[in-house]
Amino acid sequence: MSDTHRGTIQRGSGDGWAAGPNGSKLWGRFGAAGLFLLSDDATVLMQLRAPWTSQGGTWGIPGGARDGHESASQAAVRETFEECGIAETDVTVLQEIVTSGPLPADPARPELAGEWTYTTVLAKTADGSELDTVANAESDELRWVPVGQLEQLDLLAPFAASLPQVRAALAELG
C-alpha cells in the first residue's frame, strides 16, 4: 500500500523497520507506542506476548507501530483496541513519556527509517475498573497486575528498563 493518498498518510503506513542500535532493527517506521493502562485499584493491563512476536513469551504493555498520521496516544489506544478489545471511550490518557530514543538513522542502512522512539502512554480506565479484555493473536494472555508486582513477571527487556521512568512519572501525577 502506498503511504500517501491525496496527500495524507494512510493507516498501516508505520508498518516497516527503523534503524536500531548496534545494527538492529526496530518495528515502526514512525516509532512505536504502548499503553500503560491503570485501574483505580493500581493494577495495570499486561500482555503476555505470543511466541511468534518479537521477544515472545515476555510480558509488556499493549502497543505497536505508529502510523504517520497518529500521535503516540492515538497509536497506543488503537493498538490496545486491536490487541485487547478495549474501546477508545474506555480510556483516559494522562501523559506521554518517550521511554526510548530518538535513535538516529543509520547511513549504512538508508532503507531503514531513523529517529525511532518508543512512547509509553500513561492512562487510566475511564470508569476506574479493570476492564474486560479479548486477546488477539499477538497475546497469549492478558492480565491486570498490581503495579508493585510487575517485576515478578518475565518482562520484555525494554519495558523493564523503562519502569523507573514510568514509576517516576506516575508519582508526579499523584
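This note goes through a strand, a residue on a neighbouring strand, a helix and some salt bridges.

1. Basis of the note. The model is predicted, so local features need pLDDT of at least 70 and side-chain atom pairs count only at pLDDT 80 or more, while totals for chains, interfaces and linings use all residues. Residues are numbered from 1 along each chain as its sequence is written, and side-chain values use heavy atoms, with hydrogens and water left out.

2. Strand β5. This strand covers residues 32-38, and seven of its seven residues are buried. Helices (H or I, at least four residues) and strands (E, at least two) are DSSP runs, numbered from the N terminus. Buried means under 20% relative accessible area, exposed means over 50%, and partly exposed lies in between, with a 1.4 Å probe and protein chains only. A32, G34, F36 and L38 point one way from β5, whereas A33, L35 and L37 point the other way.

3. Partners of β5. Two strands pair if DSSP finds at least two bridges between them. β5 and β10 run parallel and are joined by seven bridges; A32 has Y118 in β10 as its bridge partner. β5 also pairs with β8, in the antiparallel sense and over three bridges. Here G34 stands opposite G63 in β8.

4. T117. This residue lies in strand β10, residues 116-125. T117 counts as buried because its relative accessibility is 14%. Contact means heavy atoms within 4.5 Å. Leaving aside neighbours within four places in sequence, T117 is in contact with G31, A32, V98, S100, G101 and P102. One of these, V98, is 19 residues from T117 in sequence, and the two C-alpha atoms are 6.7 Å apart.

5. E79. Helix α1, residues 72-84, holds E79. Is E79 buried or exposed? E79 is buried, with a relative accessible area of 8%. Not counting residues up to four places away in sequence, E79 touches G63, G64 and A65.

6. Side chains of opposite charge can pair when their charged atoms come close. A salt bridge is a side-chain nitrogen of Lys or Arg within 4 Å of a carboxyl oxygen of Asp or Glu. The whole structure has seven salt bridges. One of them joins the side chains of D67 and R78, at 3.9 Å from N to O. D67 lies in the loop between β8 (63-65) and α1, and R78 lies in helix α1, so the pair ties together parts that are 11 residues apart in sequence. D67 is buried at 2% relative accessibility, and R78 is buried at 14%. R78 also forms a salt bridge with E70, where the closest N and O atoms are 2.7 Å apart. Like R78, E70 is buried.

7. R167 and E151. The side chains of R167 and E151 meet in a salt bridge, at 2.8 Å from N to O. R167 is in helix α2 (residues 157-173) and E151 is in the loop between β11 (139-146) and α2, so the pair links distant parts of the chain, 16 residues apart. Both residues count as partly exposed: R167 has a relative accessible area of 28%, and E151 has a relative accessibility of 47%.
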